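Hi,

Here is the model I promised to pass on.

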Amino acid sequence: LYPPDQKPNYHPDYTSRYWMEYTYPDLISKNKQLPYECSIGPGEIIYFPNQWHHATINLDVYTAFVSTFTQEHQFVDELI
């Protein structure tokens with residue numbers, strides 16, 4: 001998780017796992033800005049603030065629910 005003003009270096013055609021295996025070790029070895037990290041367990045959720053860059057790495061077998069929340073009036077205004 002990176003704040004909006006700290007865009008990570010990544011290629012949009014590569015997976016999060018690729019970034020973790022090939023880019024992340026380079027960040028560590030060169031003392032570059034590391035992302036905020038956390039692990040969540042069953043029944044837990046995490047909120048990503050608007051425009052924060054994030055990736056998900058699954059450590060085990062998983063089931064996920066992903067949703068995007070909008071404010072109705074903003075969504076309707078954009079359609080008009």
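Which residues form a nonpolar patch on the surface? They are Tyr 14, Tyr 18 and Tyr 22, with about 350 Å² of accessible area together. The areas come from the Shrake-Rupley method with a 1.4 Å probe, and for residues only the protein chains shown count as cover. A patch here takes residues with over 30% relative accessible area and no salt bridge, joining nonpolar side chains (Val, Leu, Ile, Met, Phe, Trp, Tyr) within 5 Å and like charges within 9 Å. A salt bridge would be a side-chain nitrogen of Lys or Arg within 4 Å of a carboxyl oxygen of Asp or Glu.

Before the rest, some housekeeping. This is a predicted model, where local features need pLDDT of at least 70 and side-chain atom pairs count only at pLDDT 80 or more, while totals for chains, interfaces and linings use all residues. Residues are numbered from 1 along each chain as its sequence is written, and side-chain values use heavy atoms, with hydrogens and water left out.

Now the helix. Tyr 22 sits in H1, residues 16-29; helices are DSSP runs (H or I, at least four residues), numbered from the N terminus. Tyr 22 has a relative accessible area of 52%, so it counts as exposed (over 50%; buried is under 20%, partly exposed in between, 1.4 Å probe, protein chains only). By contrast, Trp 19, Tyr 24 and Leu 27 of H1 are buried.

H1 also bends by about 35° at Thr 23, with Pro 25 following within four residues. The bend is the angle between axes fitted to the seven residues ending at a position and the seven starting there.

Pro 8 belongs to the segment before H1 and is buried, at 14% relative accessible area. Leaving aside neighbours within four places in sequence, Pro 8 is in contact (heavy atoms within 4.5 Å) with Tyr 2 and His 53.

Last, the backbone. Most residues other than glycine have a negative phi. Asn 31 lies in the loop between H1 and helix H2 (72-79), and Gln 51 is in the loop between H1 and H2. Asn 31 is exposed at 71% relative accessibility, and Gln 51 is exposed at 57%.

Cheers

Note on methods: Helix = DSSP H or I, 4+ residues; strand = E, 2+ residues; numbered from the N terminus.
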